[in-house]
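Subject: Handing over the structure, with notes on domains and salt bridges

Dear colleague,

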Amino acid sequence: MSNSSRICIIGGGIIGVSIGFHLSEAGCTNVTIVERTNIACAASGRAGGFLAKNWRTGAEGKFSELSFQAHNDLAKRLKEEFSTDVMYRRLTTLNLSINEAESSTKRTDSKSTLPKWVTTEVDEQETIGNEETTAQIHPGLLTNALAKILENRGGRIVIGKANGFLFETIPTHTDRDVHHQTSPVRALKLLIENQDPIEADIFILAMGPWTYQAAPWFRDAMVFKENISHQLDAISGVKAHSIIFKGNQPTEPYAFFLAYESNDGTMTDPEIYPRPNGDIYVCGFGEKPSQELPDDANAVPINEKSCDRLRDIAVRVASTLKDANVETRQGCYLPQSNDGIPLIGRLYGLNNVYIATGHSCWGILNSLATGAQLTQLILKDEMSPYLKQCDPKRFFQRASHE
């Protein structure tokens with residue numbers, strides 16, 4: 001594939017923008033991102049931005065390790081070359097076991113690594129990451145920074161609702177082709193509501209948890225290739241909630257993963273991330289996977305009780321937050337595949353449509369390696385061991401045998 005090829009990415013979250021950025025790094029100057037709402041409008045602007053180097057094994061572990069280092073290098077480069085701070089820093093990451101029924105007074109332990117502002121009693125604490133293995137970043141700042149660089153290099157950001165493709169088909173009439181299917185099939189144009197179609201040589205679906213909404217584009221246009229849509233139907237969204245205590249809060253470089261037992265014995269696992277600008281981000285209370293997502297990523301309904309509960313738990317952990325202002329209460333959907341493995345690669349059954357989604361809670365971490373390796377696949381036809389695991393054709397094959 002030539003660097004002068006026209007490439008259209010559908011989705012303006014961290015995955016789509018990272019792909020666009022890496023394509024531009026490789027010399028591609030004709031890259032368009034089509035985003036329905038705005039850049040980083042969903043999880044890419046609402047996630048905590050936690051990064052872990054060695055929490056996975058095998059090919060996935062190597063992939064995460066590459067992405068972890070890439071975040072470190074890119075954050076430094078963004079500061080030096082583009083005067084852009086994305087709040088990257090290394091962390092000490094602790095797992096804390098807390099029982100709500102116990103006294104709220106923190107035990108005095110000279111060996112404790114807890115910062116002074118953590119005032120609750122902790123039953124157990126374990127260091128599960130240090131500054132060599134865990135870090136954080138502000139995902140919204142990173143996504144917008146990469147989008148701006150892409151635009152400065154000649155790329156385009158188009159705000160509009162994508163709703164289908166125009167296809168080119170090539171008839172085949174072989175002895176084995178008893179149904180006289182047309183193959184291969186290329187997408188020629190992306191249709192956008194109330195706008196001119198976008199012509200491209202390569203299309204990339206990076207729609208996060210909304211990827212399933214593209215399945216009818218293929219069912220309706222190509223009945224003979226219906227199983228293409230099964231690769232997209234494998235994606236759903238898992239909603240999680242978060243709140244942000246705004247400004248003038250503790251800024252020590254820690255991340256807290258809680259094993260929190262409520263008074264009624266219910267166990268939950270919220271997470272707390274102080275940010276270097278004085279905000280404290282708290283998240284948790286995920287819901288079941290769904291394919292009933294709102295069209296507008298900025299209109300995700302929230303469960304107020306879940307947000308209230310996150311605040312109560314945060315105040316329990318740090319009593320100084322009692323009078324702090326909760327500026328943001330929000331929900332976002334994380335893209336989840338049916339087998340827990342992302343879909344990254346070319347859609348099986350088409351020769352110029354690719355997909356990158358299903359990263360679950362590791363989308364921010366693995367965004368940079370995804371962008372870099374998908375760029376290699378598109379431009380040089382090179383596929384890493386991890387991308388082989390993520391090949392979308394596994395769902396095509398399952399559907400074919402059902």
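Two residues are said to be in contact when they have heavy atoms within 4.5 Å of each other. Please keep in mind throughout that this is a predicted model.

The domain assignment divides the protein chain into domain 1, made up of 7-84, 139-234 and 338-395, and domain 2, made up of 91-131 and 237-337. By the contact rule, 31 residues of domain 1 touch 26 residues of domain 2, while the C-alpha centres of domain 1 and domain 2 lie 31 Å apart. The size of an interface is often given as the accessible area lost when the parts come together. For domain 1 and domain 2 that buried area is about 2300 Å², with 55% of it on carbon and sulfur atoms. On the domain 1 side, Arg46, Phe50 and Trp210 lose the most area to domain 2, and together they account for 29% of what that side buries.

Turning to the polar side of this interface, there are 15 residue pairs in polar contact between domain 1 and domain 2, counted where both residues have pLDDT 80 or more. Sorted by class, the residues of domain 1 that touch domain 2 comprise 15 nonpolar, 11 polar and five charged ones. One salt bridge is found across the interface of domain 1 and domain 2. Arg36 and Asp295 also form a salt bridge, in which the closest N and O atoms are 3.6 Å apart.

How many salt bridges does a search of the whole structure find? The search returns 16, and I describe some of them here.

In the salt bridge between Arg6 and Glu199, the closest N and O atoms are 3.6 Å apart. Arg6 sits in the segment before strand 1 (7-10) and Glu199 in strand 11 (residues 195-199), so this pair ties together parts that are 193 residues apart in sequence. Both partners are partly exposed, Arg6 with a relative accessible area of 31% and Glu199 with one of 45%.

Arg77 and Glu25 meet through their side chains in a salt bridge of 2.7 Å, N to O. Because Arg77 belongs to helix 3 (residues 58-82) and Glu25 to helix 1 (residues 14-25), the pair links parts that are 52 residues apart in sequence. Arg77 is partly exposed at 25% relative accessible area, and Glu25 is likewise partly exposed at 36%.

For Lys239 and Glu287 the salt bridge spans 4.0 Å, N to O. Lys239 lies in strand 13 (residues 235-245) and Glu287 in the loop between strand 17 (280-284) and helix 7 (304-317), so the pair ties together parts that are 48 residues apart in sequence. Lys239 counts as buried at 7% relative accessibility, whereas Glu287 is partly exposed at 34%. Salt bridges that share partners also join Arg6, Lys189, Glu199 and Asp201 into one network.

Finally, a note on Ser337, which lies in strand 18 (residues 326-337) and is buried, with a relative accessible area of 3%. The side chains of Ser337 and Asp339 are joined by a polar contact of 3.0 Å, and a polar atom of the Ser337 side chain also lies 3.0 Å from the backbone nitrogen of Gly340. Leaving aside neighbours within four places in sequence, Ser337 is in contact with Ala234, Ile235, Pro342, Leu343, Gly358 and Arg394.

With best regards

Note on methods:
Residues numbered from 1 in each chain as written. Predicted model: local features only at pLDDT ≥ 70, side-chain atom pairs only at ≥ 80, totals over all residues. Heavy atoms only, no water. Helix = DSSP H or I, 4+ residues; strand = E, 2+ residues; numbered from the N terminus. Buried < 20%, exposed > 50% of the residue type's maximum accessible area, 1.4 Å probe, protein only. Domains from an automatic or database assignment. Buried area = accessible area lost by both parts, 1.4 Å probe. Polar contact = N/O pair within 3.5 Å; in protein donor to acceptor, adjacent residues only side chain to side chain. Nonpolar A, V, L, I, M, F, W, Y, C, P; charged D, E, K, R; others polar.
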